[in-house]
Amino acid sequence: MLRLYHLLLGFILLVSIPLGAKFVLPKFSPPKVEKTTAVAKLSNPNEGNIWQKILGDTATPTNWQVTACKGNAPLLCVSSKDELLGTVEINVYPLANNEDFQKKLIAAGIPPGFKVDYQSSKYQTQVLTALKAWVGDYYTTVAKDRQGEYGKEITFLTYPPQSVAVGKLQGIRYGFAGLKQKGGVQEQHIGHVAFDGKKLYVITTAFDPGSQTGKFDKLENLAIFQPYLYAIAADLRLP
């Protein structure tokens, strides 16, 4: 019974920290100025880091810096006093090479060769339906993977997908966590996915010792940065 209490408490903290941070951090407000089922990443080693083109104005914790990482890797660097705290990764998948998402769009009522209409509430609803299906498949894939990896020592939990703005696009925020039965967090992942009519954008970061990129080394730093990540996603120069 005690373990169950700790498990529930841990999950409540994971969910409430990012939401509560919007109210307890007085300087925070959205600026006004994975393993994935998608395939065929859009990349060009000569075009540089995509964050340089899409990063809008950023709100940051005191003495923190958020900039596009050097080089061509699609990483956003989060640092404080010259110390790298974590990175956020963005992957871009052309629709033409993504048969899986094409099928999800068709199932949502958007046929091949459709005309993009960002002002249409019907179109926005259909896109969100396809994105939620994408997240659902992602959760299923990760859950199967973690069941084999975790055993009974860690509980896998997903967050309910939320409709949010990703730049000027309608997107979905999603995530999952692995909570240790004996207390503590094994991993926590946060993602945003959006579609501009031609490309699928997947933005991810995590606290996960097993991840190579798009990760924070300390859970507390991810928790502090989480509401600022939401603001950054909302202010991206997309589409």
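This is a predicted model: local features need pLDDT of at least 70, side-chain atom pairs count only at pLDDT 80 or more; totals for chains, interfaces and linings use all residues.

Student: Which residues of helix α3 are buried?

Tutor: The general idea comes first: an α-helix has 3.6 residues a turn, so residues three or four places apart point the same way. Here, α3 runs over residues 99-107, and its buried residues are F101, K104 and L105. Those three cover an arc of only 100° around the axis, which puts them on the same side of α3.

Student: What covers the buried residues of α3?

Tutor: The cover includes α4 (121-150), β7 (185-195) and β8 (199-207).

Student: Now the charges. How many salt bridges are there in the whole structure?

Tutor: Side chains of opposite charge can pair when their charged atoms come close. A search of the whole structure turns up seven salt bridges. In one of them, E99 pairs with K103, with the closest N and O atoms 3.6 Å apart. E99 and K103 sit four residues apart in α3, so about one helical turn separates them.

Student: And what does D100 pair with?

Tutor: D100 meets K104 in a salt bridge, 3.1 Å from N to O. D100 is partly exposed at 27% relative accessible area, while K104, at 10%, counts as buried. D100 and K104 are also linked with D137 in a network of salt bridges.

Student: Where do E187 and R146 lie?

Tutor: E187 and R146 form a salt bridge at 2.6 Å, N to O. E187 is in strand β7 and R146 in helix α4, so the pair ties together parts 41 residues apart in sequence. Both E187 and R146 are buried.

Notes:
Residues are numbered from 1 along each chain as its sequence is written. Side-chain values use heavy atoms; hydrogens and water are left out. Buried means under 20% relative accessible area, exposed over 50%, partly exposed in between (1.4 Å probe, protein chains only). Helices (H or I, at least four residues) and strands (E, at least two) are DSSP runs, numbered from the N terminus. The arc is that of the directions from the helix axis to the C-beta atoms. Contact means heavy atoms within 4.5 Å. A salt bridge is a side-chain nitrogen of Lys or Arg within 4 Å of a carboxyl oxygen of Asp or Glu.
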